[in-house]
Every structure is written in structure tokens, then in C-alpha cells.
Amino acid sequence: MEKDLKLTFISRSDLRGGAAIVTYRLVVALRELGVDARMLVCEKMSHSDFVRVCAPFRKIQYSFLKERLGVYVRNGFKKSTLFKIDTASEGLPLWSHPWVKDADAIFLGWVNQGMLSFKGLRKIIALNKPVVWIMHDMWNMTGICHHAEGCTGYLKECGDCPLLGKNAHHNDISHHIWEVKKKLYAPGRIRFVAVSTWLANKAEVSGLMNDLVVKVIPNPFHISTIEDVRDRAGKRNGPVRIIFGAARLDDPIKGLPVLKKAMEVLRSSYPDVASDVELVTFGAFKNIDNLRDFAVHHIHLGVLKGAEEIKKAYSDCDIVVSTSDYETLPGTLVEGQAYGCIPVAIDHGGQRDIVEHLKTGWLATWNDSPSIRAGMVAEGIVWAYRNVDNHDLLVRMKKSVQKKFSASEVARRILDFTFPDLD
């Protein structure tokens, strides 16, 4: 029966951004299982024939600009929050697309910025097909933001949104959109998937989703079998290499200042370790000055292109570090382990789904003080440094990510969730 299924995934892009990339991986994994999985996008970057642009360019641009203009007016013309807000006020007529009409189930990923409106979603629901929404951030459970950060409005009904500045009030656009979502989320209309336990827990306490069932199914990753990943224990030649990467390294969320402070702590408190490590970074920088002033030897690889460059970068390193303020499910920790890097991270998001403290890596408890977090990261790096030749640890963490995150396993779980009676 799997081979007869037609599944359509709706995503803003196929390869730009983390949510798009993991959605594309899931589609590929489903196709490898024999399922006719397809992807509708606004921006196509791959050459895959199972990915199709959902509408003419002019219509896509018009919808995007109209929705952004509405946000810009409502946030008080603040550029700083323009892309932190989404209202789903505008969208494309995806309900009439042949790939949507012919599908046995519709999957929604990151569909904002003028791609899918609430009106469009209602029309898709009216097709009476299973609709599965895979949540990659908090937007589904808030009024208009993708990450609530320190705001607790989403626990009730939103309103007085800090992203709206002087336009914030009890009945502002964040509260209005919250009410629209509440009506739309009538039990049974949409099936929700959270890509991490942390995200599911946020949904469970939110005013919008506390009465809905949310299934935890992680993002898929291309993970080689244990036999295919080289055993590096006892074979290191040269300094221990620490890798740190992101699409944009100096995005404030990624915690680059904490990483820099951790390197300073390493240099001052653990000089023997600092003299024997090398920091490797990859990704783009908005401000090139942020590439400077690391307290240990540093190499920047730039933006990695393609799976082979990513594989080589991780395979040449020993420790993978994440210092993010919050992450739904940090893929660098999964990819790093898949290629033999010991993870060091702070527990403030989906990290706990990936790392088991002292068994498959180092996981520090969150602290509001950046300096304290930096000290804990430095301590974690020292622990990992002393375990780079620990064969049992390397095997244990490789097996862990293989079991949890392999693309084929995630694809099967998505099928089981969507079609529980599938033979």
C-alpha cells in the first residue's frame, strides 16, 4: 500500500533554511521507501523533479510583499522585528494545485511569509484529507512570533506583544491571530508533530494547544551505519579540533559571545587543553569582525556546500559545540555525532533529545548568566577532550543518533502516525 500513497509536503523552500532542508530529507527518505512523496515550494534550489514551484513568480512575490507590508505597518515600521513576525494574512491558492488535490495526505512545514494563509489552510482542510503540520518552531502555539523567548503571553491568549512596540495592546494583532488559530485548531482537523520533546512541552502548556495531541517525531538526518563511520579512537593526529557551525554564526540566537568567552576560560583555567585544541567554524557572518579574537587557534571554513563538505568538516573534528540561547532541535549536534564528534551543549531546547549527559556527550543546565554558561561549556570541552579516545563513548553516541534520527526510521514513523491502519 505504501507504493500507492501520494504525499504532498508544503514548504517555503526545499533547501534554504533548516526547516526546508529537513523537510526535503524526509521527502527523499519516503521516496526511498517507495512512497510518491512530493514537495511544493515558493523557492526551488534543488534539481529534483519531485519538487515544484507552487505558483508563478509574480504571484509569489505579490503575496510575500503584501504580507510583509502588513507586518511592517503593525510593528510600527521596525526593521528589527520585520522577520520575527508572521500573520498568515496572505497566501497562495494551494488548495487548487493538482499535487494537493490528488494527494492522500498533506504535510505542512515552514509555510510563512505569504505562502499559506489561514483562508488557504481552511480550504485544504475542507478537502477531507489527513493534514499533518510538522512544527519546527513555536509559531503554531503563539500569536505571531516564531520564538517566544522570555515572553509568557503564549501561555494564555497573547496580546501586548513586545514585538509590536508602541502598537502593542491587549487586543493587538498577536491576540487577533491567536483567536484565529484557536478556531482553526478544532480537535481532529489537523494532526501536529513536534520535532523535539522541548517543543511538544511548550505546546502542552500553551493556551492554544494545551488540549491537542502533539506527537514527537524528530527531524531526519542522513546517518551512515555504524560500520561505515570510521573508528577514530586512538588514531588522532594533531590537535583536538572543536567544530561550531550555523547558517549565520553571529545570529544572536547562536551564542557566539558565549563560545568566545568559553575559549577564554579554556585559555585561563585549562591552559594545557587550550594549547592542544583548534577551533573550526563554518557558516556565514553578518559582521566579519566577529571572526576575530578567539582565545585559541581558529580556522574558518566559510559556508559549507553539499553533504560531502559537511561530512568532511565533521570527520576532521573531534568535538562539536552548541552554545545557542535556544534551539528546537540543533542539527549540528546530530550531524557531529554521526561523524564521530563528541557533543557539548547547553540544555535549552531540544538538546536533551540528542545528548544524554555523560553517556553520549556533555549537557549543561541552562543558566541566565552568559558567563556561567561559558564556564560550563569550557568544562564540557575539557571533559570531551579527555574522552576523544574513549571507544565505548564513540560507539554509544553513534548508535544513539542512528536509532533516533536516521531518515528511514523517521519516514516510517511519519507514515505510521499519518496512516495508523496502513498495512
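Modeller: Let me start with a rule: an angle under 35 degrees counts as roughly parallel, over 145 as roughly antiparallel, 65 to 115 as roughly perpendicular, and the rest as oblique. The model here is predicted, with pLDDT of at least 70 needed for local features and 80 or more for side-chain atom pairs, while totals for chains, interfaces and linings use all residues. Residues are numbered from 1 along each chain as its sequence is written, and side-chain values use heavy atoms, with hydrogens and water left out.

Biologist: Why are α4 and α5 called roughly parallel to each other?

Modeller: The axes of helix α4 (residues 118–125) and helix α5 (residues 173–184) cross at roughly 0° and come within 12 Å. That angle is under the 35-degree limit, and α4 and α5 are therefore roughly parallel. The axes are lines fitted to C-alpha atoms over the stretch in contact, with angles from 0 to 180 degrees between N-to-C directions.

Biologist: Which residues of α4 and α5 make the contact?

Modeller: From α4 come Phe118, Leu121, Arg122 and Ile125, and from α5 come Ile177, Val180, Lys181 and Leu184. Contact means heavy atoms within 4.5 Å. By class, the contact of α4 with α5 has six nonpolar, no polar and two charged residues. Arg and Lys are of the charged class, as are Asp and Glu; Ala, Val, Leu, Ile, Met, Phe, Trp, Tyr, Cys and Pro are nonpolar, and the others, Gly among them, polar.

Biologist: Which strands stand at the edges, each with a single partner strand?

Modeller: The sheet is an open one of seven strands, in the order β3-β2-β1-β4-β5-β6-β7, with parallel pairing. β3 (51–53) and β7 (214–216) each have a single partner strand, so one side of each has no neighbour in the sheet. The twist from one strand to the next averages 25°.

Biologist: How do you know that strand β4 and strand β5 pair?

Modeller: Two strands pair if DSSP finds at least two bridges between them. Strand β4 (residues 105–108) and strand β5 (residues 131–135) have three bridges, in the parallel sense. Phe107 has Val132 as its bridge partner in β5. Helix α1 packs on this sheet, touching β1 (6–10), β2 (36–41), β3 and β5, and its direction makes about 155° with that of β2. Helix α6 (residues 197–205) packs there too, touching β5, β6 (191–194) and β7, at about 165° to the direction of β7.

Biologist: What is the order of the open sheet of six strands?

Modeller: The order is β10-β9-β8-β11-β12-β13, with parallel pairing. β10 (297–300) and β13 (362–365) are the edge strands, as each pairs on one side only. The twist averages 20° from one strand to the next. Helix α7 (residues 256–269) packs on the sheet, touches β8, β9 and β11, and makes about 170° with the direction of β9.

Biologist: What makes strand β8 mostly covered?

Modeller: Seven of the nine residues in β8 (residues 240–248) are buried. Buried means under 20% relative accessible area, against over 50% for exposed and partly exposed in between (1.4 Å probe, protein chains only). Seven bridges join β8 to strand β9 (residues 277–284), with Arg248 opposite Ala284. Two bridges join β8 to strand β11 (residues 319–322), with Ile242 opposite Ile319.

Biologist: Is Trp99 buried or exposed, and how do you know?

Modeller: Trp99 has a relative accessible area of 8%. The limit is under 20%, so Trp99 is buried. Trp99 lies in helix α3 (residues 98–101). Not counting residues up to four places away in sequence, Trp99 touches Thr8, Arg38, Met39, Leu40, Asp49, Phe50, Val51 and Arg52.

Biologist: Which residues touch the most other members of the largest nonpolar core?

Modeller: They are Leu7, Phe9 and Met209, in a core of 108 residues. A nonpolar core is a set of buried Ala, Val, Leu, Ile, Met, Phe, Trp, Tyr and Cys residues joined through side-chain atoms within 4.5 Å. A second, separate core has 40 residues, including Ala246, Leu259, Phe294 and Val382.

Terms used: Helices (H or I, at least four residues) and strands (E, at least two) are DSSP runs, numbered from the N terminus.
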